[in-house]
Amino acid sequence: MADLWQNAMDYAVAIARKAGEVVRDALRDDMKVMTKSSSVDLVTQTDQKVEQLIIQSVKEKFPTHRFIGEESVAAGEACDLTDSPTWIIDPIDGTTNFVHAFPFVAVSIGFSVNKQSEFGVVYSCLEDKMFTARRGKGAFCNGEPLKVSDQEDIKQSIIATEFGSSREPEAVDKIFSSLRNILCIPVHGVRGAGSAAINMCLVASGCVEAYYEIGIHIWDVAAGSLIVSEAGGVLMDVEGGVVDLMSRRIVAANRRAIAERIVKEIDSFSPPRDDTPPSKQ
Ligand SMILES: O=P(O)(O)O[C@H]1[C@H](O)[C@@H](O)[C@H](O)[C@H](O)[C@@H]1O
Ligand SMILES: [Mg+2]
Ligand SMILES: [Mg+2]
């Protein structure tokens, strides 16, 4: 039977590659850096330009599809995931890296129908690595199949996480408390690429055993989540329940036991959900 969404996925790969070129070219220019939710939540004209480029091109090809885009939501659009085919876009995941030319910057495109993820595309554009996953058909990097690490022992593991862009003292205290707990299990190391999408692709590639973060948004992890699960990994909430991409909390790991061990050490909290409008937060 023909794959209903393969055409859309091929289009996503092509547009992510084109978007990545725009990002790479922009690195050479002077940047005007603006801020959003806090003085360390950065955005540039390139984030906005790339999101518009992706949305306009997809609209021409698939006029009935819907969108959740990081910069559109920042501009006041609703973050609504319905049953309609929806493209979930982070035009630059790792904007702080982009601003500093720290070389982990991704274009992330997730796609869901009936609230189920159908494909995910993460283009790590400075490394020129195209990560893709189609539901039920595996995950790939530049066409090569991906598989999570087979490590069973948390003490032999590397865990990825990020500090995020909140500097609220309560949140920072909890982030440090979780980090301390995990580091002192002890694990081999803690790393962070500065991009949720790339961290998830590192889990899918088997380079790190797990990634967790509180404070991410649906556009950071929509594509990466499918790439992890299609590479054989598991997703979980930071308190151990079923992951909810609107909840701004995620654990992605090579296996359930590693995810559960990390959950035990996380000092959890609940940022305002992505699907709660700012007026109701
Ligand atoms: O805002 P962009 O799209 O660069 O994405 C975020 C990262 O992906 C997070 O992991 C990370 O922790 C930061 O919160 C960062 O904002
Ligand atoms: Mg992001
Ligand atoms: Mg972004």
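In the predicted model, the shell around ligand 1 comprises three nonpolar, six polar and six charged residues. Of the 15 residues around the ligand, T95, E162, G164, S165 and A196 come nearest. Both domain 1 (6-145) and domain 2 (154-265) contribute to this shell, with at least three residues drawn from each, and strand β4 (residues 86-93) provides the largest share, namely three residues.

The protein chain is divided into these two domains, domain 1 (6-145) and domain 2 (154-265), whose centres, taken over C-alpha atoms, are separated by 20 Å. Their contact involves 34 residues of domain 1 and 24 residues of domain 2. On the side of domain 1 that touches domain 2, at least two residues are supplied by each of β3 (66-69), β4, α4 (95-100), β5 (106-113), β6 (116-124), β7 (129-134) and β8 (139-141), and β6 gives the most, with six residues. Classified by residue type, this side of domain 1 holds 17 nonpolar, twelve polar and five charged residues.

A further contact is formed between helix α6 (residues 196-205) and helix α7 (residues 218-230), which pack at an angle of about 5 degrees with their axes 8 Å apart. Because angles under 35 degrees count as roughly parallel, α6 is described as roughly parallel to α7. In this pairing, A196, A197, M200, C201, V203 and A204 of α6 meet D220, V221, A223, G224, S225, I227 and V228 of α7, and the residues of the contact divide into ten nonpolar, two polar and one charged. A196, listed in this contact on the α6 side, is also one of the residues that come nearest to ligand 1.

Key
Residues are numbered from 1 along each chain as its sequence is written. Chains are lettered from A and ligands numbered from 1 in the order in which they are written. This is a predicted model: local features need pLDDT of at least 70, side-chain atom pairs count only at pLDDT 80 or more; totals for chains, interfaces and linings use all residues. A residue is near a molecule or strand if its C-beta atom, placed from the backbone, lies within 6 Å of it. Helices (H or I, at least four residues) and strands (E, at least two) are DSSP runs, numbered from the N terminus. Ala, Val, Leu, Ile, Met, Phe, Trp, Tyr, Cys and Pro count as nonpolar, Asp, Glu, Lys and Arg as charged, and the others, Gly among them, as polar. Domain bounds come from an automatic or database domain assignment. Axes are lines fitted to C-alpha atoms, for helices over the stretch in contact, and angles run from 0 to 180 degrees between N-to-C directions. Angles under 35 degrees count as roughly parallel, over 145 as roughly antiparallel, 65 to 115 as roughly perpendicular and the rest as oblique. Two residues are in contact if their C-beta atoms, placed from the backbone, lie within 7 Å.
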